[in-house]
Amino acid sequence: MAPNVEETLLEVKDVKTHFFTDEGVVKAVDGVNLSLRRGQTLCVVGESGCGKSVMARSILRIVPAPGRIVSGEISFRQRNGETIDLAQMNPRGRDIRSIRGREISMIFQEPMSSLSPVHTIGSQIMEAILLHLPVSRSEARKRAVSLLDLVGIPRASEQLDAYSFELSGGMRQRAMIAIALACEPQLLIADEPTTALDVTTQANILDLISDLQADSGMAVLFITHDLGVVAEIADEVVVMYLGRDVESGDVDAIFHEPKHPYTRALLQSIPRYDSRDRERLYSLKGSVPHPFNRPGGCPFHPRCDEFIADQCNTIDPGRYTVGGDHSVRCLLYEPSAAAQNVGASEPPAPAQNVGATR
Amino acid sequence: MTSAPTQARDDARSASAEEAGSEGRIVVANQWQLIWWKFRKHRLAMLAGLVTLFLYTVALFAEFFAPYSSGAYSAAHTHLPPPQIHLIQETDGGPRFSPHVKGFTVQIDPDSFKRTYMVDETVAYPIGLFVRGEEYKLWGLFTLDVHLIGAAQAGDPVYLLGADRLGRDVLSRTIYGTRVSMSVGLVGVGLSLLLGVILGGISGYYGGVIDTLIQRTIEILRSLPTIPLWMGLSAAIPLTWPPLRVYFAITVLLSLIGWTALAREVRGRFLSLKTEDFVIAARLDGVRELQIILRHMAPSMTSHIIASVTLAIPGMILAETALSFLGIGLRPPVVSWGVLLQEAQNVRSIATAPWLLFPGIAVVTAVLAMNFLGDGLRDAADPYQA
Amino acid sequence: MIWYIARRILYLIPTLLIVSVIAFLVIQLPPGDFLASLISKAEETIDQAQVDALRERYGLDEPIYVQYWKWISGIVARGDFGDSFEWNRPVSDLIWERLGLTMVISLVTLAFVWVVSIPIGIYSAVKKYTIGDYIVTVIGFIGLAVPNFLLALVLMYVAFRYFGQSVGGLFSPEYIDAPWTLGRALDLLSHLWLPVIILGTAGTAALIRVMRANLLDELSKLYVDAARARGLSELRLLFKYPVRVALNPLVSALAWVFPALVSGSAITSIVLNLQTTGPLLYRSLQAQDMYLAGSLVLLVSVLTIVGTLVSDILLAWLDPRIQLQ
């Protein structure tokens, strides 16, 4: 394990990934910042369509055409101590390929479709091993068996020759994790790995990821829309809305002192077992705008309860620090403007209380 | 891109965005409008649609479009090659716009009786539009003598695409052939559709043993080599039958084997629609089965079926052409593209008169157009998909 | 796998039954008793005893199903397809070599179709919406729209007009009736290219489109991204995963490409004057030589069905998912 646990492994600075379609430019990711230290878990949360998956793919440079990174920096610290900018690499080049699967691995939402339907599980694990490590086929096979064992697949040596359609959903995701871990990566990107699974399997997979992380010391970038999952595993949280990081900070700050109206709205929309009788669950007004109709100013303003006329719809808010590494993109927290807006808007209250007043 | 399709798209978008509560004009478009908007974006399919429309217009008004009747022959003009069309005529008053073809002289080889035509620059036969020529009865009802194009002076030998071995005008005959060839496709597909919709619908709706049985039959029919079968079956059509009956016999034969693709399409649609929520909802509401099929399922299938039908017609046209070409499909005096191509059955006749292959160009054009059109329709058939 | 093959072979039985009925129909359909046409065509008079023997042999006085039974059991049990009246020889003498040549042409064309269409389809899908893709698409559409015989006519005309040679046939004159030797086989190969191109064009065009559509579907699947995220190079990735999966429906496309080739070869062979079943069937139909015609329809269909069966088994072997269904 690295001597300095606090060392920054991945730093994403103002990355923008746009899709150039015939109908216009879709700004799927439009300025995201995050940083991840060794051994930590960072959760990226947001509604579907907010660009969190594209953001994850941008790191590995596997954004599908016609999308590409238009600006920003993705610094990654390799095993040998060198820091490289992934955003500058040729997405089809040799350099990025030596990162993929070796330094950074990724697992996807649907374990069924992320495994090849016509190859055995074993051949896909061995492929990852043989690609990056100088071992023989028989060694790779042995290693593949122990990996399947590690991720909790029973009768590992038999299952090695199974096809994906012969496994259950949970087992498939375990197999995907085994492939991802084949070369002991420093970073695991998990793109909604539990969304397609039922609740008990979901818990098993989350436990598995946590255990593996504790053993190996790898960092995990976890993409999800499930705040329950976030609460369970995250060290740090980034909340995304329409391709932006609207709020980021450590998990306690986000859950106990949410600042951005969007974050607060998200937290309020979780059903609570201790809520009062027959209370209507809070729901965000409106829906995520069409990607071609991005609202000007703060992209959240049409749905925002704290909307300030002539400001929110014209001024694009920057990232304002509200203590420690907790930052938020909202004009309410702009150091100079905050003073003059105090009268106009109540200081944001913690989620628990707001939830009760609705 | 012009602004029209963009506009349409914007309309469609704001129509859906309206629900979301954002501001925008309210435009309600029904399914067919959406299909039309989506289809309009497909340039090639639009063009193909126009070509198809043109071909059917020609088929409908063949007598008007053709300079001569299909049977008119002239022994003096056998194998007359297509002339060069001159647009400007030198007159005493200087050059004047007057499309015409030059005259010709003929030499006959005494040994082989082969004719050689030489251009005679001194004679000019003017060409005109809406010229008066042979009388005809349009649809057997109206007696007319106006032809879209032809010799300005009735009786002048103007054979724009040359003449065949009996001195018949290739252009006129190809135009008359359009009527038969294009309608064989239509009638054949109509019959196929009837069989396909009934059997495919039954198969998809009831499932179970009936489905298996029909599916097996379809598979069997599809695994057979069709042309030898058609050859065998059509050879059985008695030579004594009148042309019209032969025509229907051939179309029935073609559709007896051709219905399978349509049946598959219908069945597939039925199966996927059967489990759609709105169909289940209708059933739970106690709507009668027939009504579910007619009111709820049929509308969402129609567009797909139209697309499949369009794609099935070219196959029919090609099959008719092939059979008639071999002389076991339609037979003279019926004029179809395949019957015309029979004139060009061997290298020698093509070498003498390559213009006899012109009906082949008509076949290729028709098939291409309907393929492109069908492809465009298929893409547009589901307007709610991205 | 064994069970799968066994089941497929079981399915074959009703198919063969239907085919045999259709072939029998071809024999029966022409109006009138074929013996009458035989007698009218025969150069010397046939004595009554001979006519009666034939009548007895084919069961002409008996109900239709007895006739069918006599015909089909003769074929299955004794390989007796009846006699060709035009050639005055047993049908089985006439057809085997031609049947063989039909299959050779169809199979070589099939190989040609595959070898050409797969790489072009892959190219077209990977380079989606580029100039190259558009050119391939347009050529593909034209290839589908031109009837085989028209292509044959045009190519023959071009060869005649510009190269001054008359193409056609499968053998040089000196080999036509020669016994099989290496020289004859090589001669066959040197004549094969033209019919193969003519026959293969439509199939190639169709398969390019199928391959392109399949591959486009597969390229957007998650397992492609997953393999890419593993660090595989683009080329290895392409061939190991999406191409491999996209090939499966192509194998099942055999089920209709092969019948279409056999079907198309009938007409092309007539135009090019090839010594296959096509011209023989054509001539027998014109001459109302119905036992020959019916046998040809039957055998060509049966061979096509067997070819399709082989492709099904091939597919099951390639794609482990099929056997489960």
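**Touring the interface of chains C and B**

Start with chain C and chain B together: in this predicted model, 1 residue pair, with both residues at pLDDT 80 or more, is in polar contact between chain C and chain B.

Next, select the residues in contact. Chain C contributes 46 residues and chain B contributes 38. About 3700 Å² is buried between chain C and chain B, and carbon and sulfur atoms give 80% of that area.

Now hide chain B and colour the side of chain C that touches it by helix. Each of these helices of chain C supplies at least two residues of that side: H1 (2-28), H6 (131-145), H7 (148-163), H11 (242-272), H12 (277-286) and H13 (290-318). H11(C) has the largest share, with 10 residues.

Bring chain B back and select its helix H6 (residues 208-222) along with H1(C). How do the axes of this pair cross? They come within 10 Å and cross at roughly 70 degrees. H6(B) and H1(C) are therefore roughly perpendicular to each other.

Finally, show the side chains at this crossing. From H6(B), the contact uses Arg216(B), Glu219(B) and Ile220(B). From H1(C), select Arg8(C), Tyr11(C), Pro14(C), Thr15(C) and Ile18(C). By class, the contact of H6(B) with H1(C) has 4 nonpolar, 1 polar and 3 charged residues.

How values were computed: Residues numbered from 1 in each chain as written. Chains lettered and ligands numbered in written order. Heavy atoms only, no water. Contact = heavy atoms within 4.5 Å. Buried area = accessible area lost by both parts, 1.4 Å probe. Polar contact = N/O pair within 3.5 Å; in protein donor to acceptor, adjacent residues only side chain to side chain. Helix = DSSP H or I, 4+ residues; strand = E, 2+ residues; numbered from the N terminus. Axes fitted to C-alpha atoms, helices over the stretch in contact; angles between N-to-C directions. Parallel < 35°, antiparallel > 145°, perpendicular 65-115°, else oblique. Nonpolar A, V, L, I, M, F, W, Y, C, P; charged D, E, K, R; others polar.
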